[in-house]
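Reader: Here is the structure I would like to go through. Please take my questions in turn.

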Amino acid sequence: MILVVGGAGYIGSHVVKQLVETNSVVVLDNLSTGHRYLVDKRAVFVHGDLGDRATLVRIFEKYPIDAVMHFAANSLVGESVVEPMKYYKNNVAATLTLLETMMEYGVKRFIFSSTAAVYGIPNVDIITEQCPTLPINPYGRSKLMIEHMLSDFASAYDLRYVVLRYFNAAGAHVSGDIGEDHDPETHLIPLILQHLLGLRDKISVFGTDYDTPDGTCIRDYIHVMDLAEAHILALHALLADQKKTAVYNLGNGLGYSVKEVIDMCERVTEKKATIEYTARRPGDPARLVASSEKISRELGWQATRSLEEIITTAWNWHKKHM
Ligand code: UDP
């Protein structure tokens, strides 16, 4: 049985929907940012905090857990600067409680959602896992601290883990049943689509003077279903003892500028956006594009879905649910 912590969130719920096809699944989520309706009905749902030892003990006593996937985190860069305590408590301290309880119950396989934010402002065009990790905000630091904890736990307690550093997760499940439902929403693609649905009066472009061909920031958008498939492969590798520890980037390897994303949204939806060009958002690197060559070589994973499919699936979901 697999424990999915944060399985009611955007990425967690997409992984759960694939995982229940082949495994029994328990989801633990406090629903602080996730939604009960996103959790596949075939999974057992436990409402609680991952930092609450008693809840974890109840789960590990009741279910034969083979591995834990951990998606539960606060993940807003700006908020992390204003409220770092929240990030060190909910991300770092709570994960330590989870790991401690796992070690107590002999559960030693772990898949962790990390982020491109661990790289800070990279000085290369394509980021590999070898690039220095120099996060520039508490959110990125909280994720990197957990990566260090995992490495130390692997040496000392034989924890086996896969860290997945996501670039820009986007899109929705092809069924249209689950998708990206954040409140507040801060991500580019859902904000554009909500505007095109008439729910926001415009879309702001944060900065037009970056050192990029059209002056707007370039990001690597990866379909949430491609991300989910990488988690399933990582889980199989851990369960088969094919991997003891690994850190992988997850991106498409393609960069799109903010303007290109808006253009694609207009094309897919056949609607015209009202665009406001504003100042840069603090802390945004000009370009973040991943090399996913390592996970492709070691686990045979490939991103197969294009930006157009990302936006088409997100649009289908937004039309149904917003
Ligand atoms: N962005 C923007 N307007 C918005 C939201 C985002 O121009 O209303 C830009 C942002 O500056 C970044 C890119 O879109 O360059 C992707 O931002 P998002 O918040 O979606 O993801 P991040 O890269 O910060 O994880």
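Reader: How far apart do the C-alpha centres of domain 1 and domain 2 lie?

Author: This is a predicted model, in which local features need pLDDT of at least 70, side-chain atom pairs count only at pLDDT 80 or more, and totals for chains, interfaces and linings use all residues. Residues are numbered from 1 along each chain as its sequence is written. The protein chain is divided into domain 1 (2-170 + 221-250) and domain 2 (188-219 + 253-321), with bounds from an automatic or database domain assignment. Between their C-alpha centres the distance is 24 Å.

Reader: Which element gives the largest share of the side of domain 1 that touches domain 2?

Author: The contact (C-beta atoms, placed from the backbone, within 7 Å) takes 28 residues from domain 1 and 24 residues from domain 2. On the domain 1 side, the elements giving two or more residues are strands S7 (168-170), S10 (221-223) and S11 (245-250), and helix H7 (224-239); helices (H or I, at least four residues) and strands (E, at least two) are DSSP runs, numbered from the N terminus. The largest share, seven residues, is that of H7.

Reader: Which element gives the largest share of the shell around the ligand?

Author: The ligand has 13 residues around it, and His187, Leu188, Phe206, Cys217 and Val258 come nearest; a residue is near if its C-beta atom, placed from the backbone, lies within 6 Å. Helix H6 (188-196) and strand S8 (203-206) each give two or more residues to this shell. The largest share, three residues, comes from S8.

Key: Two residues are in contact if their C-beta atoms, placed from the backbone, lie within 7 Å.
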